[in-house]
Amino acid sequence: MEEISLKEYQRLIKNVEVIEKDGFGLKVLDTKKGEMIKLFRRKRVFSTAFLKPYAARFADNAKRLTSLNIPTVAVNRLVWCPSIKRHLVIYKRLEGALLRDVLTKEINKEEVFKNTGTFIAELHEKGVYFRSAHFKNILVLPNGQLGLIDVSDMQIKRSSLGIDLRKRNFQHILRYEKDKTLVRNHFKDFFSSYLTASQLDENNAHKVEQTIRSILA
């Protein structure tokens, strides 16, 4: 991992657009040069991030997703800046629109919901357990495919997800009321496409459906 000075960091973020920040500082920046910068802090003194920083996990997950033919970001640099105690991931901007925005504005929502259900099934079948999954971390790409951003909080299993992890993942995916409202209005398109693309038997399909309906209730 590359180490940079405070001056190098300041040059790096000069003229960027701040996309996200919180009470601890900057989180996501747009360089306006085709690259994004994501900053990571270690949230606890004793943390697994001490052994493997979240920035490194982000890069590893992006690489593994690409190997699974799941569209995601391409990492260009991993950086550590001791002066601000932050790890940085600099990655190529993934062009597209946030899924939530598309589902809110799109007139013909049925096709987008079908694609979303199919995409989530593909993730589950390929063993991707994305804890930060929600409709603002999924992009609709210009070619109509879906892709993932903010991929640090993720596990990629060697086989497809079991039924319990699938149920738990839908709780992450549908954590926000805005997204729940969207899915309630198009549940059939969303779930039928998930079911078609997954390889669940009738019993497990029923368990997943009941979980989603319970979340939406």
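This is a predicted model: local features need pLDDT of at least 70, side-chain atom pairs count only at pLDDT 80 or more; totals for chains, interfaces and linings use all residues.
Residues are numbered from 1 along each chain as its sequence is written, and side-chain values use heavy atoms, with hydrogens and water left out. Helices (H or I, at least four residues) and strands (E, at least two) are DSSP runs, numbered from the N terminus.

Six strands form an open sheet with mixed pairing, in the order S1-S5-S6-S4-S3-S2; two strands are said to pair if DSSP finds at least two bridges between them. At the edges stand strand S1 (2-3) and S2, each of which pairs on one side only. Within this sheet, S4 (residues 35-40) is joined to S6 by six bridges, and these two strands run antiparallel. In this pairing, Glu 35 stands opposite Lys 92 of S6. Strand S3 (residues 25-30) also pairs with S4 in the antiparallel sense, over three bridges, and Val 28 stands opposite Lys 38 in S4. S3 and S4 form a hairpin with four residues between them, and Lys 32 in its turn has a positive phi of about 65°. S4 is mostly covered, five of its six residues being buried, where buried means under 20% relative accessible area, exposed over 50%, and partly exposed in between (1.4 Å probe, protein chains only). Helix H2 (residues 54-67) lies across S4, S5 and S6 and runs at about 170° to S5; axes are lines fitted to C-alpha atoms, for helices over the stretch in contact, and angles run from 0 to 180 degrees between N-to-C directions.

Glu 35, a residue of S4, is partly exposed, with a relative accessible area of 26%. Apart from residues up to four places away in sequence, Glu 35 touches Leu 29, Asp 30, Asn 76, Ile 90, Tyr 91 and Arg 93, contact meaning heavy atoms within 4.5 Å. The C-alpha atoms of Glu 35 and Tyr 91 are separated by 5.5 Å, although these residues are 56 apart along the chain.

Positive phi values also occur in loops of this model, as at Asn 15. Most residues other than glycine have a negative phi. Asn 15, which is not a glycine, has a positive phi of about 70°. This residue is found in the loop between helix H1 (6-12) and strand S2 (17-22), and Asn 15 counts as exposed at 67% relative accessibility. Lys 85, likewise not a glycine, has a positive phi of about 55°. Its place is in the loop between strand S5 (74-81) and strand S6 (86-92), where Lys 85 is exposed with a relative accessible area of 59%.

A further open sheet has three strands in the order S7-S9-S10, with antiparallel pairing. Strand S7 (97-98) and strand S10 (146-148) stand at the edges with a single partner strand each, so one side of each is left without a neighbour in the sheet. Strand S9 (residues 138-140) pairs with S10 over three bridges, and Ile 138 stands opposite Leu 148 in S10. Helix H4 lies across S9 and S10, running at about 45° to S10.

H4 (residues 109-125) has 17 residues and reaches 24 Å from its first C-alpha to its last, close to the expected 24 Å; the expected span is 1.5 Å times one less than the number of residues. The buried residues of H4 include Val 112, Phe 113, Phe 119, Ile 120 and Leu 123. The helix is followed by Gly 127, whose phi is positive, near 85°.

The axes of H4 and helix H7 (residues 187-197) come within 7 Å and cross at roughly 35°. This crossing of H4 and H7 is right-handed, a crossing being left-handed if the near helix is turned anticlockwise from the far one by less than a right angle, and right-handed if clockwise. Residues making the contact include Phe 113, Gly 117, Ile 120 and His 124 of H4, together with Phe 190 and Tyr 194 among those of H7. By class, the contact of H4 with H7 has six nonpolar, five polar and four charged residues. Here Ala, Val, Leu, Ile, Met, Phe, Trp, Tyr, Cys and Pro count as nonpolar, Asp, Glu, Lys and Arg as charged, and the others, Gly among them, as polar.
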